[in-house]
Amino acid sequence: MRINLADKPIYLTEVGPRDGLQNEKEIIPTEVKVAFVNALSRTGVSEIEASSFVSPKKIPQLADSSEVFQKIERVPGIIYSALVPNAQGFERALEAKVNKIAVFTAASETFNQKNINATIAESIERFKPVVARAKQEKLPVRGYISTCFHCPYEGKIAPSAVIPIVQQLLALGVDEIVLSDTIGKAVPTEVRTLLDAVLKQLSQERVTLHFHDTYGTGIANVLAGWEYGISRFDASAGGLGGCPYAPGASGNVATEDVVYALQNSGAKLSVDLNQVIAASQRIAAHLQKPLPSRVYGVYRSKN
Ligand code: HMG
Ligand code: MG
């Protein structure tokens with residue numbers, strides 16, 4: 001049976017200021033980050049992951065997160081969120097008046113250890129007081145699960161490794177589960193297989209898909225998710241992104257490419273492609289490399 005996908009509004013989270021800028025070699029000046037977030041606020045996306053409250057020793061690129069949050073112009077209706085790895089990060093995020101927090105663990109022990117210096121079980125324990133505090137403060141919580149399909153250290157990851165983590169995060173009170181293809185290696189059949197298992201645990205409305213695009217299958221994966229009834233996706237302006245603890249990973253699926261593919265497939269998505277390109281141009285001027293987005297590339301070749 002064909003369901004009418006066009007009826008369901010798409011909820012896009014722009015992760016460029018966080019996933020994008022955490023992976024740049026050079027440290028971008030705070031004012032440039034603020035201007036980038038402000039430009040993204042004009043695109044029509046629902047949510048912007050504006051930075052991270054992680055250890056500045058691990059991710060020096062985002063050490064100025066408090067200042068970024070203090071200086072951005074918040075547009076009413078847009079959620080400005082941030083990564084929070086522990087209680088210390090939560091208090092910093094609260095002080096910065098984030099609208100939502102994201103905790104993050106993985107389906108692979110080796111990746112989790114390298115990324116947040118904890119076993120999966122330890123990370124869940126670490127999140128307990130964080131999620132409890134977020135609930136007290138009435139802040140929504142997203143729970144990322146990295147390496148849902150492939151791990152740079154352990155290889156292929158089975159859905160049976162992902163499901164217990166989904167269950168544990170739900171038991172903590174996380175509102176939304178973000179299934180993440182950290183190294184951008186998944187293909188649509190793997191996405192459908194994982195969704196078959198995950199959607200037995202929670203409703204489509206609480207699942208977000210976070211694809212990196214290393215092997216060029218990111219857009220195909222987004223469309224596969226959409227056809228499965230998923231309406232929440234992460235994307236990064238220009239296709240920036242990657243995790244410094246996931247060797248070989250390239251950028252997130254580009255916001256321009258996701259908007260182009262979904263809008264032209266008839267999805268209900270009111271994001272202004274020209275404004276996304278304008279935001280990408282703003283950050284591109286401060287990077288020493290071309291942006292990977294295909295749609296942005298077409299625009300550049302014509303202008
Ligand atoms: P740790 O190394 O186990 O050490 O950190 P710790 O907790 O004992 O703290 C060590 C030092 O860091 C101490 O300072 C703490 O105060 C400080 P010192 O006493 O040495 O001066 N510290 C902090 N400072 C500020 N804010 C904090 C904080 N926490 C500790 N919140 C920790 C454990 C989890 C904090 C660390 O490993 C960390 O920050 N990891 C984050 C790594 C990261 O951000 N990775 C990229 C994001 S995840 C990603 O990209 C994947 C995703 O996109 C989805 C996907 O694609 O898969 C989300
Ligand atoms: Mg990521």
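Start by selecting aspartate 19, which is buried, with a relative accessible area of 3%. Keep in mind throughout that this is a predicted model.

**Stop 1: the metal site**

Now show ligand 2, the magnesium ion. Asp19 (OD), His210 (NE2) and His212 (NE2) coordinate the ion at 2.1 to 2.3 Å. Along the sequence these donors follow the spacing D-x190-H-x1-H. Aspartate 19 sits in helix α1 (residues 16–20) and histidine 210 in strand β9 (residues 207–211), so the pair links parts that lie 191 residues apart in sequence. Is histidine 210 buried or exposed? Histidine 210 is buried, at 3% relative accessible area.

**Stop 2: ligand 1**

An N or O atom in the side chain of histidine 210 is 3.0 Å from an oxygen atom of ligand 1. Taken alone, ligand 1 exposes 1100 Å², and the protein buries 75% of that.

Next, select the residues around ligand 1. There are 28, and Gln22, Lys57, Asn117, Ser146 and Thr182 come nearest. Asparagine 86 places a polar side-chain atom 2.8 Å from a nitrogen atom of ligand 1. Asparagine 117 places a polar side-chain atom 2.7 Å from an oxygen atom of ligand 1.

**Stop 3**

Most residues other than glycine have a negative phi. With a relative accessible area of 55%, asparagine 117 counts as exposed because the cut-off is over 50%. That area takes only the protein chains as cover.

Move to lysine 97, in the loop between α4 (87–95) and β4. Lysine 97 is not a glycine, yet has a positive phi of about 60 degrees. Lysine 97 is exposed, at 60% relative accessibility.

**Stop 4: strand β4**

Follow the chain into β4 (residues 100–106) and pick valine 103. Valine 103 has 0% relative accessibility and counts as buried. Which residues does valine 103 touch, not counting those up to four places away in sequence? They are Val84, Phe127, Val130, Val141, Arg142, Gly143, Tyr144 and Val174.

**Stop 5: the nonpolar core**

Select Ile101 and Leu179. These have the most contacts inside the largest nonpolar core, which has 101 residues. Helix α7 (residues 159–172) supplies the largest share of this core, seven residues. In soluble globular proteins, nonpolar side chains tend to be buried together.

Zoom in on leucine 179. Leaving aside neighbours within four places in sequence, its contacts include Ile145, Cys148, Val162, Leu194, Leu195 and Val198. Leucine 179 is also in contact with Val207, Thr208, Leu209 and His210. His210 is the residue from the metal site, where its NE2 atom coordinates magnesium.

**Stop 6: helix α10**

Finish at helix α10 (residues 255–264). Seven of its 10 residues are buried, so the helix is largely enclosed by the rest of the structure. Colour the buried ones: Thr255, Glu256, Asp257, Val258, Val259, Ala261 and Leu262. What do they pack against? Their partners are β1 (11–14), α9 (218–227), β10 (232–235), α11 (273–284) and α12 (294–302). Just after α10, select glycine 266, which takes a positive phi of about 95 degrees.

Conventions:
Residues numbered from 1 in each chain as written. Chains lettered and ligands numbered in written order. Predicted model: local features only at pLDDT ≥ 70, side-chain atom pairs only at ≥ 80, totals over all residues. Heavy atoms only, no water. Helix = DSSP H or I, 4+ residues; strand = E, 2+ residues; numbered from the N terminus. Buried < 20%, exposed > 50% of the residue type's maximum accessible area, 1.4 Å probe, protein only. Contact = heavy atoms within 4.5 Å. Donors = N, O, S within 2.8 Å, 3.2 Å for Na, K, Ca; no water. Near = heavy atom within 4 Å. Polar contact = N/O pair within 3.5 Å; in protein donor to acceptor, adjacent residues only side chain to side chain. Areas by Shrake-Rupley, 256 points an atom, 1.4 Å probe, with all protein chains shown as cover. Core = buried A, V, L, I, M, F, W, Y, C linked by side-chain atoms within 4.5 Å.
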